[in-house]
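The sequence and structure are shown first.

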Amino acid sequence: MNPPPDADSERKRIQRSRSIVMALLLAAFVVLVYAISIAKMT
Amino acid sequence: MSQTATIPLPADWRDFFALTKPRVMSLVIFTGLCGLLAAPGAINPVLGFTAILCIALGAGGAAALNQWWEADIDAGMKRTRARPIPAGRMDRSAARDFGVALSVASVLLMGLANGWLAASILAISIFYYAVIYTIWLKPRTPQNIVIGGGAGAFPPMIGWVAVTGDITAMPVLLFAIIFMWTPPHFWALALFVQSDYAKVGIPMMPVVAGETSTRRQILVYALLLLPLSAAPWWIGGTGAIYGVSALALSSLFVALSFRVGLRQRTGPDDTMKPEKQLFGYSVLYLFALFAALVADRWLLVQG
């Protein structure tokens, strides 16, 4: 079965939301590793 | 026909989140946090947060691997057929890769932040759930829940070890309590969703040994749980607040288990109310028991 006609816009919406979530997770990971480094030093 | 029209849609981020079994994870996070808070000693808040995060990520990774392996089984059960893979919203290999990535990341991060003993126990717990329980025992033996329940028993031990850096009697007892709690908790559920497990060929205790045997075993485990739950008090690891709470909570657990253990299904119209009550209470029991453990520790520290 083929996806419905608006599948292209739906694909873009999903990819966009996945990219945003991935960017937020990476940013959180960087902040966490930085905080761990400081905590381990003290 | 355009090329994009034939390519399936990518999975939504919410489906990846659903792979981690967030509801199960809430209990894992709670018991892990309680183990961390009840342990003697202090931990930097950032490192404490990281320990709980890693326990959650590890549990999520193991859950994703579980759903990758059991996609066909999930498709045959009403309770699980809406999950991302059987519902066709996600490719199986994506779930596998996601599960492996989460598992490896959680162990490495915990090793760097909280030490390699805690990280090793986390790695063992992931392997225990994803391989020993999901792949090996669950499809082979009706004792799958008994042995596999060990996977869910690791979080408080990991939280404890993240603080103390060593394994003593207390984290082992916390492990044993959840280990002993798992069979009556899960078999109560299996009694009222029995037909689903039978349909997909999973040898759950009610299917293989029959309802009567399962009910008796629920009662046996509940009776064993009663002294075990109070053992941290008896060895001097906690105060009376925990001890009395444990005895009261476990006594009610035994009382509800008696209702399940000594009855028979009255017929096809049986609403299975005692079994549903026991299952609901078992979740509440674990939350309350570990909350009492933390409250006891905090009141002891505050003098």
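The model is predicted: local features need pLDDT of at least 70 and side-chain atom pairs count only at pLDDT 80 or more, while totals for chains, interfaces and linings use all residues. Residues are numbered from 1 along each chain as its sequence is written, and chains are lettered from A and ligands numbered from 1 in the order in which they are written.

**Domains of chain B**

Chain B is divided into domain 1 (1-166) and domain 2 (168-303), with bounds that come from an automatic or database domain assignment. The centres of domain 1 of chain B and domain 2 of chain B, taken over C-alpha atoms, are 22 Å apart. Their contact takes 28 residues from domain 1 of chain B and 27 residues from domain 2 of chain B; two residues are in contact if their C-beta atoms, placed from the backbone, lie within 7 Å. On the side of domain 1 that touches domain 2, the elements giving two or more residues are α2 (22-38), α7 (144-148) and α8 (150-164) of chain B. Helices (H or I, at least four residues) and strands (E, at least two) are DSSP runs, numbered from the N terminus. The most is given by α8(B), with eight residues. By class, this side of domain 1 of chain B has 17 nonpolar, seven polar and four charged residues. Here Ala, Val, Leu, Ile, Met, Phe, Trp, Tyr, Cys and Pro count as nonpolar, Asp, Glu, Lys and Arg as charged, and the others, Gly among them, as polar.

Two helix pairs are listed in the table. Axes are lines fitted to C-alpha atoms, for helices over the stretch in contact, and angles run from 0 to 180 degrees between N-to-C directions.

| Helix pair | Angle | Axis separation |
|---|---|---|
| α5(B) and α6(B) | about 160° | 7 Å |
| α3(B) and α5(B) | about 155° | 8 Å |

The angle makes α3(B) roughly antiparallel to α5(B), a term for angles over 145 degrees. α3(B) passes α5(B) in a left-handed crossing, whereas the crossing of α5(B) and α6(B) is right-handed. A crossing is left-handed if the near helix is turned anticlockwise from the far one by less than a right angle, and right-handed if clockwise.

The contact of α3(B) with α5(B) comprises 16 nonpolar, nine polar and two charged residues. In the other pair, residues of α5(B) including B:S103, B:V107 and B:M110 meet residues of α6(B), among them B:W116, B:L122 and B:I126. That contact divides into eight nonpolar, four polar and no charged residues.

**Contact with chain A**

In the interface, 13 residues of chain B are in contact with 15 residues of chain A. α3 (45-69) and α5 (92-114) of chain B each supply at least two residues of the side that touches chain A. The largest share of that side, three residues, comes from α3(B).

**Positive phi angles**

B:K21 has phi near 50°, a positive value in a residue other than glycine, and lies in the loop between α1 (13-19) and α2 of chain B. B:M272 has phi near 55°, also positive in a residue other than glycine, and is found in the loop between α13 (240-261) and α14 (273-301) of chain B. B:K21 is partly exposed, with 18 other C-beta atoms within 10 Å. Residues are buried at 20 or more such neighbours, exposed at 12 or fewer, and partly exposed in between, with C-beta atoms placed from the backbone.

Conventions:
Angles under 35 degrees count as roughly parallel, over 145 as roughly antiparallel, 65 to 115 as roughly perpendicular and the rest as oblique.
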